[in-house]
Amino acid sequence: MNDTSAKNLALSHMWVAFAAFIVACFMGEFQVLERSGLFESLTSISVYFASVSTHGVLMAFVLTTFFIMGFGYYTASNSLNVPIWNPKLAWTGFGIALTGVVMAAVPLLSGLASVLYTFYPPVQAHVAFYIGATLLVIGSWVWCVIMIVMFYQWKKDNPGKTVPLAMFATTANALLWLWTSAGVATEVLFQLIPLALGLMDTVDPGLARTLFAWTLHPIVYFWLIPAYTAFYVFVPKQAGSYLFSEEAARMAFIVLVVFALPIGFHHLYMDPEQAKGWKLLHGVGTFIVALPTLVTGFTVIASLEIAGRLRGGKGLFGWIGSLPWSNPMTLAVILSLVMLIFGGFGGIVNASYAMNAMIHNTAWVPGHFHLIFAGTTVIMYFAIAYYLWPILSKKPLASNSLALVQLWTWFIGMSIMTTPWHVLGLLGQPRRISSVQYNNLLTMSWEPYEILMILGGLILLISACLFFYILVKTQFGATTEIFAGEVEYAEPLHEVKDLPEYLNDFKLWNKVIAVLMLISFGVPILQFFFMDTYGSSAWGY
Amino acid sequence: MNKISNEERKKILESPPIGTWVLMLSVGGGMVAAWLFLYYGVFLSRGMIN
């Protein structure tokens with residue numbers, strides 16, 4: 001499907017995403033420089049926290065949401081072979097989300113929203129930040145509605161047919177996001193905006209943290225699903241192979257969506273407002289949600305093994321060397337999986353109830369989430385961009401070899417930057433601090449790690465600039481060459497026949513999610529309305 | 001890239017992914033070992049919080 005509207009939507013969304021990304025990368029490097037205390041002229045606590053907050057918002061909310069929406073619009077139109085349903089509405093959603101970003105940027109950059117991109121009262125931002133964030137979410141809800149309408153319209157027009165895997169995954173993500181964002185939306189609308197407007201002067205942080213925990217973990221899977229989508233629908237084909245099992249892929253997306261939601265209390269292990277039993281329940285769920293990642297790892301690696309063997313690879317691991325390492329998508333998935341192993345291990349430690357006490361709120365935590373998000377996830381965003389840009393702009397990729405250099409430097413930079421973070425976390429360095437210079441032996445022993453992080457950050461910044469340059473040169477370069485290629489989806493190794501409806505629809509899974517959410521969040525939220533909260537009612541009114 | 005015969009191709013497509021199994025089990029085993037090391041070697045050895 002050559003839908004110009006979908007291509008324009010995809011490009012516009014992705015440019016916003018990557019513009020936010022490049023700005024955030026400069027801020028990230030400033031932060032490691034400032035924090036080290038080695039450059040006195042850079043030292044400023046207020047600028048540091050404004051920068052951290054803006055870096056986090058740009059990376060975690062703007063890059064992700066706009067990239068996911070842009071990728072989703074193109075995937076929906078292309079995989080279903082239909083035009084975008086209601087493009088005017090899609091552009092309206094884009095406008096709302098962009099307005100929200102601009103609105104939130106003003107207090108962020110002026111230091112009035114230095115809340116470290118969290119929603120944890122009593123830390124409080126300017127009301128414009130909360131309203132801006134709400135508009136961004138409303139814009140993303142428009143995208144969710146369009147994806148779901150297109151999914152069900154296609155099913156209605158093609159009774160009995162299997163929804164293409166790319167669209168199945170995209171719709172799964174839209175549903176996940178609707179469920180996920182409900183928690184923080186409730187908190188912002190009923191607690192944070194009234195508080196910031198001065199309509200109430202007290203707030204219950206326990207309720208706020210519980211509602212934010214509703215959102216905080218599944219949002220990671222919202223970011224990750226486009227990467228997994230590329231793993232399944234692009235990587236096997238790009239590597240010259242087949243998707244090992246489409247049924248496993250569908251089941252992985254379903255389990256991700258269902259079990260990503262009722263598990264957020266592993267972020268609250270050290271909090272007093274929830275009882276141990278609820279935390280344990282969420283902790284068990286956290287380990288369950290590791291299963292689809294294992295299934296994904298297995299399926300993707302098995303697809304790559306077939307590719308390597310078809311290219312002449314022999315022996316137990318000889319196929320690895322035979323893979324097309326010069327293909328950006330193939331290289332990206334390998335590097336992404338390596339980072340997923342280490343980042344995933346960090347996550348297992350975070351989720352281990354007792355051991356969490358050892359690394360809670362230490363530098364280990366940003367080390368973990370940078371590996372999972374900025375490593376595993378964002379490197380696949382790069383690969384998707386390299387794959388789609390020639391198709392969207394109708395111009396060949398400016399340089400395949402530069403793209404490979406960019407992916408390698410991102411991987412090397414991320415490894416150099418996150419390893420010291422993990423070590424520092426085990427050594428007891430707290431996270432969210434603006435300085436590590438206290439002139440005692442303990443903090444002085446952190447210095448070599450800080451220098452390594454500066455180096456890692458610098459490599460990442462160079463890599464990010466290279467990525468941006470390649471995209472700009474591809475789309476706006478002087479070449480007159482026309483790229484006529486189209487998206488090619490991986491075919492399953494075994495033809496998908498007689499797929500059960502539960503692997504081709506979400507009605508059943510929505511009901512399962514509703515029940516699980518009621519079990520895991522019902523009493524933990526309701527309790528705030530039935531007990532004294534010492535000077536504040538639950539909503540603070 | 002080596003050329004392979006149709007017979008070889010068929011065999012590859014029908015073979016179980018042994019390399020993947022070994023890789024996954026190795027990574028899984030490594031993770032369990034690393035977790036045990038962190039739990040018994042680092043966490044418990046630090047003693048009680050006081």
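**Helices and loops of chain A**

Reader: Does S434(A) count as buried, exposed or partly exposed?
Author: S434(A) counts as partly exposed, because it has 17 C-beta neighbours inside 10 Å. A residue is buried if 20 or more other C-beta atoms lie within 10 Å of its own, exposed if 12 or fewer, and partly exposed in between, with C-beta atoms placed from the backbone.

Reader: What kind of model is this, and how are residues and chains labelled?
Author: This is a predicted model, in which local features need pLDDT of at least 70 and side-chain atom pairs count only at pLDDT 80 or more, while totals for chains, interfaces and linings use all residues. Residues are numbered from 1 along each chain as its sequence is written, and chains are lettered from A and ligands numbered from 1 in the order in which they are written.

Reader: Where does S434(A) lie?
Author: S434(A) is in the loop between α16 (400-427) and α17 (441-444) of chain A. Helices (H or I, at least four residues) and strands (E, at least two) are DSSP runs, numbered from the N terminus. The C-alpha atoms of S434(A) and Q31(A) are separated by 8.2 Å, although these residues are 403 apart along the chain.

Reader: What is the phi of R432(A)?
Author: Phi of R432(A) is near 60°, a positive value in a residue other than glycine. R432(A) also sits in the loop between α16 and α17 of chain A. It counts as exposed because it has 12 C-beta neighbours inside 10 Å.

Reader: Turning to helix pairs, how do α16(A) and α18(A) pack?
Author: Helix α18 (residues 447-476) of chain A packs with α16(A) at an angle of about 155°, and their axes are 8 Å apart. Axes are lines fitted to C-alpha atoms, for helices over the stretch in contact, and angles run from 0 to 180 degrees between N-to-C directions. The two helices α16(A) and α18(A) are therefore roughly antiparallel to each other. Angles under 35 degrees count as roughly parallel, over 145 as roughly antiparallel, 65 to 115 as roughly perpendicular and the rest as oblique.

Reader: Which residue classes make up that contact of α16(A) with α18(A)?
Author: By class, the contact of α16(A) with α18(A) has 22 nonpolar, 6 polar and no charged residues. Ala, Val, Leu, Ile, Met, Phe, Trp, Tyr, Cys and Pro count as nonpolar, Asp, Glu, Lys and Arg as charged, and the others, Gly among them, as polar.

Reader: And at what angle do α4(A) and α5(A) cross?
Author: Helix α4 (residues 127-157) and helix α5 (residues 165-197), both of chain A, cross at roughly 155°, with axes that come within 9 Å. That makes α4(A) roughly antiparallel to α5(A). Their contact has 21 nonpolar, 5 polar and no charged residues.

Reader: Now α2(A): where does it bend?
Author: The bend in α2(A) is about 30°, at L58(A). Such a bend is the angle between axes fitted to the seven residues ending there and the seven starting there. Of the 36 residues of α2(A), 30 are buried, and the helix is mostly covered.

Reader: What follows α2(A)?
Author: N81(A) follows α2(A), with a positive phi near 60°.

Reader: Last topic: which peptide bond is cis?
Author: The bond from P121(A) to P122(A) is cis, with omega near 10°. P122(A) is found in the loop between α3 (87-109) and α4 of chain A.
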